[in-house]
Amino acid sequence: MNASQGLPQRIDPYRLAGVNGIIEGDCAISGMHRLNDYLLDKESAENARAQVTMRFYRDNQRRVIIQGEITAQLVLQCQRCLLGLDWSVKTTLALAVVADDDGAAQVPREYDPLIVGDDGISPAALVEDELILAMPAVARCQQTDCPRAPDELAVGKPSKNLFAVLRNMEFDNDDNTT
């Protein structure tokens with residue numbers, strides 16, 4: 001099964017592994033609602049697409065293996081300057097398809113287990129999961145490229161003495177007690 005544009009809605013990895021199937025295509029980032037929560041804004045996801053290649057086969061132990069690659073260009077929010085940050089993602093897949101947790105415990109270290117039920121898998125959901133896993137815990141520009149952050153966000157600058165700030169503030173005091 002080859003998908004030249006979009007990916008199929010659902011696939012049966014056991015059947016695809018039986019014929020050494022390959023799926024190639026792309027999918028819209030805008031449809032990945034969990035991933036969109038990590039992006040700078042919804043507009044940055046509108047035209048973004050993830051390119052996907054997945055190869056299905058059985059290894060020497062007769063396990064169903066999914067190997068492949070996912071690439072995408074995402075716009076994250078830099079946590080240093082709060083501006084947009086272009087983030088190139090290129091991640092590889094090495095998954096062993098299993099039916100349950102017991103099967104997952106038997107998967108060799110070179111593969112990540114993927115528990116699949118009777119209804120197969122959604123390639124778009126799998127791509128979304130892998131993109132989320134490939135994202136940095138904290139998105140930051142490289143220090144040389146990051147525009148100057150506001151003083152209160154800059155690292156290593158002395159912070160203002162909050163008590164001095166409070167002392168200099170004027171408060172409206174309605175009950176006129178001192």
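Q: Why is Arg63 called partly exposed?
A: Its relative accessible area is 24%. Buried means under 20% relative accessible area, exposed over 50%, and partly exposed in between (1.4 Å probe, protein chains only), so Arg63 at 24% is partly exposed. Please keep in mind that this is a predicted model, where local features need pLDDT of at least 70 and side-chain atom pairs count only at pLDDT 80 or more, while totals for chains, interfaces and linings use all residues. Residues are numbered from 1 along each chain as its sequence is written, and side-chain values use heavy atoms, with hydrogens and water left out.

Q: What makes Asp59 and Arg63 a salt bridge?
A: A salt bridge is a side-chain nitrogen of Lys or Arg within 4 Å of a carboxyl oxygen of Asp or Glu. For Asp59 and Arg63 the N to O value is 3.0 Å, so the pair meets that definition. Asp59 itself, with a relative accessible area of 13%, is buried.

Q: How do you know that Glu69 and Lys90 form a salt bridge, and what does the pair tie together?
A: The closest N and O atoms of Glu69 and Lys90 are 3.9 Å apart, and the limit is 4 Å. Glu69 lies in strand 3 and Lys90 in strand 4, so the pair ties together parts that are 21 residues apart in sequence. Strands (E, at least two residues) and helices (H or I, at least four) are DSSP runs, numbered from the N terminus. Glu69 is partly exposed at 32% relative accessibility, whereas Lys90 is exposed at 62%.

Q: Which parts of the chain does the pair of Asp119 and Arg10 link?
A: Asp119 and Arg10 form a salt bridge, with their closest N and O atoms 3.4 Å apart. Asp119 sits in the loop between strand 5 (112-115) and helix 5, and Arg10 in the segment before helix 1, 109 residues apart. Asp119 has 56% relative accessibility and counts as exposed, while Arg10, with 41%, is partly exposed. In total, the structure holds six salt bridges.

Q: What makes a set of residues a nonpolar core, and how many residues has the largest one?
A: A nonpolar core is a set of buried Ala, Val, Leu, Ile, Met, Phe, Trp, Tyr and Cys residues joined through side-chain atoms within 4.5 Å. The largest here has 38 residues, and Ile29, Ile66, Leu74, Val127 and Leu131 are those with the most contacts inside it. Strand 3 gives the most to this core, with six residues. Apart from this core lies another, of seven residues, including Ile65 and Tyr111.

Q: Which residues does Leu131 contact, leaving aside its neighbours within four places in sequence?
A: Contact means heavy atoms within 4.5 Å. Among the contacts of Leu131 are Ile29, Met32, Leu35 and Val89.

Q: How do you know that strand 3 and strand 4 pair?
A: Two strands pair if DSSP finds at least two bridges between them. Strand 3 and strand 4 are joined by 14 bridges and run antiparallel, so they meet the definition. Gly68 stands opposite Leu93 in strand 4.

Q: Why are strand 1 and strand 5 called edge strands?
A: The open sheet of five strands has the order 1-2-3-4-5, with mixed pairing. Strand 1 and strand 5 each pair on one side only.
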